[in-house]
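Hi,

Here is the structure I promised to pass on. My notes follow below it.

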Amino acid sequence: MKFEQFKKQTFDFIKLNGFNKLTRIQDATIDMALRDKDVIALSKTGTGKTHAFLIPIMEKIDSSKDELQVIISVPTRELAYQLYEKAKMMCDIDSYIRIKVSVGGQDKKRSLDSFKTVPHIIIGTPGRLKDLFIESAIRIDTVKIFVVDEADMTLEYGFLTDLDVLFSRIAKPQILCFSATFPEGLKPFVKKYLNNPQMIKIEDNAYMNPKIKHYLMNAKHHSYGECLLNVLPSFQPYVCMIFANTRNEVVEVAELLRQNNYDVLELHGGLESRARKQAIKALAARTYTYVVCSDVAGRGLDNEGITHVVSLGIPSDISFFTHRIGRTGRAGNDGTCFTIYKEADIPSLKILAQTIKFEPRNYRKGGFFKELKHLTFEVINKTDKREKEIAKSLSRKKEKVKPNYKKKKAQLVKKIKQKERQEYIRGKIREEKKARYKAKAHELYQSLKEKK
């Protein structure tokens, strides 16, 4: 699309964001969105999906109408706050546009009261959006555009049931669905609510980004934190994101770095709402050089200043590794990724090494590295469940090879990985439920306290 096709306000919004041209996903999606088509847009992280829906929203919104016109659903609070920071630039172009954020963890009464003034755009998590509707804080019959951002994550966390409540009460909105992947579980949702959707798929693979250098280091008998302290002196980042596999590991690593005189921003799902919001702003402002975060907190965060990524182990869901490395090397810039692994990570690394050119290194004191000629996966943890299953499924017995042998073995490996993914998702859903119950209990306690 040519910029001249947009109205002046939209053109000014694009210019304010510093775009000289649209990315492939933006060009394809905006064209369909402006023709009022429902869209399923699939592309990897860092390809510009956010502005692929913000630009058509800017083109279509009518700030003279005192009604809710757009709902944008995101699966995490961090993404909601970050998206708000980008969306509110619309207000710099048109000061009459009103945008609200509503997420779990906010004071519920105060949040409901804030909607006495009707916003044109709401950005929120599915559960809180549903609550706003049930509490009659918003009217949704006027909504013209409904964006489901990070749809695969929305599915994984079981939030589609919350969106069901909203979609069943809105009369045929235009639905723009954005995702890195299109899992099987999304198909019933798409079939039920989207009208002849246009599928847009951009094959931009973060694994194959030639501008990202991948260094691989074996932790051996050391902890991830100890190895990290050896690695950090070897480079001078502008912003370095350090990913840990669990919330507890994030807390432990961040504290270890502080004890060693590193100024660290900590970002994970356990932070209080205000702290999370402040962390997102600090990340956007590049206040901190080192950011320690979990995969959930880091998913979808967009900051072009991230020059380095450190991965402390491989996530159980290998696709999350894509999102880690996709934080750097964005917008044509160079990036560097350090992956520190242990024996339990080796099965996943073998899979990743098929598409990523890892450069193995041994670290020494003082931040100097010794280059290794080959990947060394000779040490296998024989008690590791996945390693045993994959080894069993791939090992050839001394017998005549049967037809479709390789295909059957590949299917077995796929089943093992799917099982692990399902277990991971269940665990995350349990965490979210606990957080919801805790928040409701707190609200009940506060209401009883006020009555006394």
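K49 is found in helix α3, where helices are DSSP runs of H or I with at least four residues, numbered from the N terminus. This is a predicted model, with local features needing pLDDT of at least 70 and side-chain atom pairs pLDDT 80 or more, while totals for chains, interfaces and linings use all residues. Residues are numbered from 1 along each chain as its sequence is written, and side-chain values use heavy atoms, without hydrogens or water.

K49 is buried but has no salt bridge, and E150, the nearest side chain of opposite charge, is 5.3 Å away. Buried means under 20% relative accessible area with a 1.4 Å probe, protein chains only; a salt bridge puts a Lys or Arg side-chain nitrogen within 4 Å of an Asp or Glu carboxyl oxygen. For opposite charge, Lys and Arg count as positive and Asp and Glu as negative, with His and the chain ends not counted. Beyond its neighbours within four places in sequence, K49 is in contact (heavy atoms within 4.5 Å) with I25, S43, K44, F178 and S179.

How many of the 12 residues of α3 are buried? The count is 11, including H51, F53 and E59.

Best wishes

Notes
Buried means under 20% relative accessible area, exposed over 50%, partly exposed in between (1.4 Å probe, protein chains only). Helices (H or I, at least four residues) and strands (E, at least two) are DSSP runs, numbered from the N terminus.
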